[in-house]
Each structure stands twice: as structure tokens, then as C-alpha cells.
Amino acid sequence: MLRVVLAEDSVLLREGLVGLLERFGHRVLAAVGTAEELTAAALEHRPDIVVTDVRMPPGFSDEGLRAAVTLRGKLPGLPVLVLSQYVQRTYAEDLLDASDGTGVGYLLKERIGHVEEFADALRRVAEGATVVDPEVVRQLIRRRRDPLARLTAREVEVLALMAEGRSNASVAEALRVSEGTVSKHFGSILTKLDLDVSDATNRRVLAVLAFLRG
Amino acid sequence: MLSPSPPPSSPEPRTALPRATRQALPRAVPRALSRRLLGGRPWRAALYLLTSVPLGVATLVALLLLAVVGSALTVLVIGVPLLLTLVLAGIPLAALERRRLRLIDPAPLLDPHREPPEPGLASWLRTRLQERCTWRELAYALLFAFVLWPLEALAVGSVLLVCGGLIGTPVMMAAGGDGEARVLKLWLADSWPEAFAVLLAGVVLLPLLTWPLGVVARGRAVLTRALLAPPDSALDSRIAELDRSRTRLVDAFEAERRRIERDLHDGAQQRLVALSMTLGLARLERPAEPLGGLLDRAHEEASVALVEIRELIHGIHPHILTDRGLEAAVEDLADRSPVPVEVLLAVPGRLPQAVETAVYFAVSEALTNVAKHSGASRVTVTGVTVRHSLSVEVEDDGRGGARLGGTADGGRSGSGTADGGRGGTGLQGVADRLSVLGGTLLLSSPPGGPTVFRLEVPCPPADSRT
């Protein structure tokens, strides 16, 4: 069970998310509608994880994201999952730059619909994993086409899934291949991208993202 | 040319019309006469001339004071701004005169002054001193102070004096106490009937004398119009007004876009997410077939709708542009481009919103064209601001042949979401949009390439948002 502080300005979605989180056995300590309330609630409750929207009142700009970044500064190691309506590399980067990048997630809101995936991502972020939306990763890959041109389509697929913070087993399941195949793919990716081989999931993702960011 | 002949019923109204006019005429004539005599016009003329006098006096005093004090203090440097104020004194006076002219001349006189290119006193002064109308307005101020108002005072004064003298005769007779009064110092009225006859003459004379007064006022209005809005500057100000209205249109268009974006984001998008979430939860209950299959399909459709609406909203107005400014938004465009894009933008801080938006959509259009038509393998977007002007260049290594108003292969480029659905206007639309901001678009695209798309926009620094 996770103790969650939730910030989302749309009442409809907020209520839905509360229901969803409770459905998966988590406890929502506070569900708020502004970035200011989010900061206050997180400081008060010290939750296991903060889930927040990017665009929040009062400015309906990126207040939620800023609040999350500030919170990471105030409560080091606080897991934060940011939900966004946009595929935006800049936002994901802000979040990853806010600390050592562990225990953060940047997901598109539409991922919420895939409730099991979403619940899984939430749990992994709370455990300290880094989860970046596959769409964002796809964008990054498209951008850095040249250095990645050497990767096969399957390897890019594996890379995208790994950037989500999945383990080899989880990637294997998603692609319906064996775990051994996945680690072989990943070894080849690291070689092609001149990256050190390491078995820590997060360092793996971070290294890949750092490389993709250029 | 081949239009059908007019319907046979048309002669009927042609005969009916003059008849109606003939009937209306006898009634219209006295109405017009009474309107002329009793209507507002003579009084407006009198008011116009009457207000001229104190204003003229004030102008004269102000000009003399500024000139005398300014020249005396020039040795002490502080006189210089006073003399400068003297030179610019025509501007507020002319603004007031343009308003006052409305008393007798319904056609408005437009302000011939230009907007200074950037905020601040220095820029305003430079603009004003370079304008011909500033000097013409100074000439008007001098003419007004030294020549016009005494003449107007004379005209209004004599009418008032003559009529007032006549009408006031009985009062003077009563006040004098000796049963007589001197009428206009010309003759002596020594009986009450005579005094009242003079009064009557004055009352009759008053509306008659308003006629020459009206003529004087009209002459004065023509002179004011000629000096404060000569024909060429009238055209200039008409153009300026057109420019302003075009800017307003573009601004309104932009505001509407943002409203639509906000509405979609806050409404449809949130509802779709909630719907997709509910469907996702429903699927968790693992319902039996065929409901399970239907739920899966509904969920998939909701997901597709979400992707589509996300892209749609982004095309209408990318939120990153508002949040993070031009650099981040162009980086985002580069992320989305199927052709690899290198972005080298050096734009310090935030630019005015209109500039950011116009340049963003220009670059977006350029990149869309590159992806669709050029066959290029690389694009470079470079941009710098030099002396309050932003220039951005999009260069690709494609086959070239692009031109304004369309592309080489005749393909219209307005169908993508990237240009926000300005339906087929393509590069011409970009050029139009930039020209509203005083910017230009240059396109060099020889067959075989390379294509260089270069835009320049003046951009006064906006308050930086962080």
C-alpha cells in the first residue's frame, strides 16, 4: 500500500484517480487542485509518492511540474510521478535534472487509461525507478536518429521499453520473447552506443536518457 | 453578361419613387429650415469659436513662457528640455484640436503620428522629431496663438456685442434710472416701447448673425483640417489605421486559438482521459465475452481518440511555447520532425507573445515543407537577435524549388496540424503573418537546392518571464 498525495485540477479526473488508486489498495492522503496546496500537503503528510498534473492553477502553465521539482529539493528522495497531456522532452528533462533522477516518472495522461500499466509505473517510481513515457522516448530517439541509426528496429523497441524503467523480465513479457533475448539485445545496444554494461536498472535508463539528450 | 433580363415588375417601383418624393417635399422643406435655424449647428459653431479663445490665449501664454524661460535658462542646460517641450507643444494641442473639430465637422481627423518602435522616452522623442506632422502641428500652434484666436474672438465678440447690446437695452434703461439708454453707442433710446423694439430687433438679428458665424467656423475647420491632416498624411494615417486593424485581427485570431486550445484541453481531453480510465477499470473486472471484447475495443478507440486530440491541441497552440518560449518550442518542433533537425537558436529571455507565435508557426511551416517536399536529409534552424531584430534561418539540403504561395510540385502545405489548419495558405500565410509584425520572409530555393528560408522580425524586448 502506498500513501499518495495527488494534485489534479480537473475534479472529474481527480475523483477518478482517487478511485483508481484506492482500487489498487493505495491510500490517498490528500487530493488537491492547485500547485500551492500540493506543496503544503506533501510537506505535511510526507507521502510515499506524489502524483501531479503539469498544468495547474493559478497560471495553468507548468506549475505542477515546478512544484514537483521544488518538492524534490525540499524532500530529497521523494518519489514523484508527473502526469502530462503533452509529449514534452523539456518537462521530462526538468524532472530528471531535479535530482539524481531516481524515483521520478513522467507519463502521458492517456497512460492512466491502461490502469494496470499505470499502477505498475506508480509502484516502480515509488520504489525508486525512473519511468519515462514511451512517447517521449520515441521522440528522443527520432531526434537523435543518426547515432541510433545503427540500432535495429527491435533494439529501439527494447530501448524504449527499458527507458520506461522496466526490468528485462518485463520487457521480455511485453515483447513476448525470452529474458535471455532481451539481455542479448541490450548488450548489443550498449555496445553500439558505446555505453558501459551495468545491471542497475535506473543507471541503465539514466545512461540511455543522458545519451539521448546529447 | 448572360444574366437574365430584369423581371417585368421593375418599372413599377421606378414610377412610384418620384411620387413619394413629391409628396414628401412640401413637408421636408420647412423641417429643414427649422432645423437649420433652431438646430444645434449654429450653437455648435459658436461653441467652437468661443472655446477657441481661451485655448488660444492659453497656447499663447504657454508658448511665450516656454520660449522666454527656455532661452533664458539655456545657459544652465535645464532650458534645453524646455525648448524641446516648446517644439513638441503642437502635439497635445493638435490632439485637442482634432477632438474639438468634431463639434462642427463630423468626419474624424485621424492621429497622423506613428507608434514609436519601442517603449521609452528616447524612442518616442526620436520618432516625433522625425515626423513631418510634428512640425506642422507646431506651425499650427504658432498660427493659432498669434493669429487665429484674436480673429475668432473678434468674430464671436462682435456678434455677441451687437446682439447683447440690442437685447440688453431695456435692462440698461432700467439700470440707468434716467429713462434712456445708449444703444450700441449709436443712438439713444428714451422710451420703453422703443427699448423693447430694440430688444426684439436683437432677438431677430441673433439667428441671422449666426450665419456669418457659421461661415467663419467652417472656414476655421477647413483650415484646421488642412493643417493637421494634409491629404498625404491622411492617406498615411488611413494606412496606419489599416495596419492597426490588421494587427487587431491577428491578435483576435490568436486569442481565439488559445481559447479553443484551452477549451479542448480542459474539457474534451480530460473527459476522454476519465473515460479511458473508467474503461480500463471496467476491463480489470474481467467480464465475460462478448462484453470483455467490446470493452477492449472501446478502450482502444478511446486511446486513439486521446492521441488524436493531443496532436490536435498541440497543433492549435503548443503549450510549450507559452511555458518555455521560442527556443524550447522550436526544439520541440525539431523533436517531432521526421527529418533530423539541428537547432542553433540564441534568443535571450522571452520575446513578445505575437513574435514568438508568428516565428514558431513560420518555422513549423518551413519544417513541414521540408519534410513533405524537399527530400532533404538534414535541416538546420539558426536564429539570433541583433539590435531588436530577430532573424531565423531554416536551411535544408533538399532538392529546392520551393516558392512563396505554394511549393514546387504545386502541393499545398496547409493540411498538416503543424500550421494549425490555416488551410492551404502555406508560406504565403506565414509571410502575411510576419508582415503584420513588420517582418519579412525571404525564400531562396534554386532547383537542386539548397533551400534557405529566412525571416526577420523586429522585436522590442519583452519583460522576461522565468
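**Notebook: loops, a helix and chain B**

I looked up A:Phe60 and found it partly exposed, at 34% relative accessibility. The cut-offs I used are these: buried is under 20% relative accessible area, exposed is over 50%, and partly exposed is in between, with a 1.4 Å probe and protein chains only. This is a predicted model, where local features need pLDDT of at least 70, side-chain atom pairs count only at pLDDT 80 or more, and totals for chains, interfaces and linings use all residues. Residues are numbered from 1 along each chain as its sequence is written, chains are lettered from A in the order in which they are written, and side-chain values use heavy atoms, with hydrogens and water left out.

**Chain A loop**

I placed A:Phe60 in the loop between β3 and α3 of chain A. Helices (H or I, at least four residues) and strands (E, at least two) are DSSP runs, numbered from the N terminus. I then checked the backbone. A:Phe60 is not a glycine, yet its phi is positive, near 50 degrees. I also noted A:Pro58, in the loop between β3 (49-53) and α3 (63-74) of chain A. The peptide bond from A:Pro57 to A:Pro58 is cis, and its omega is near 5 degrees.

**Chain B loop**

I turned to the loop between α9 and α10 of chain B, where B:Arg286 lies. B:Arg286 is a residue other than glycine with a positive phi, about 45 degrees. I read its relative accessibility as 59%, so B:Arg286 counts as exposed. B:Pro290 has its place in the loop between α9 (231-284) and α10 (291-316). I found a cis peptide bond between B:Glu289 and B:Pro290, with omega about 0 degrees.

**B:Tyr48**

Is B:Tyr48 buried or exposed? I found B:Tyr48 buried, because its relative accessible area is 0%. B:Tyr48 sits in helix α2 of chain B, residues 40-73. I listed its contacts (heavy atoms within 4.5 Å), leaving aside neighbours within four places in sequence. Among them are B:Glu97, B:Leu101, B:Ile104, B:Ala217 and B:Thr224. I also looked at B:Arg102, which is 54 residues from B:Tyr48 along the chain. Their C-alpha atoms are separated by 9.3 Å.

**Chain B as a whole**

I counted 13 helices and 7 strands in chain B. Of its 466 residues, 39% are buried. I took contacts between residues at least 6 apart in sequence, and 66% of these join residues at least 24 apart. Chain B exposes about 25300 Å², with 67% supplied by carbon and sulfur atoms. Accessible areas come from the Shrake-Rupley method with a 1.4 Å probe; for residues, only the protein chains shown count as cover.
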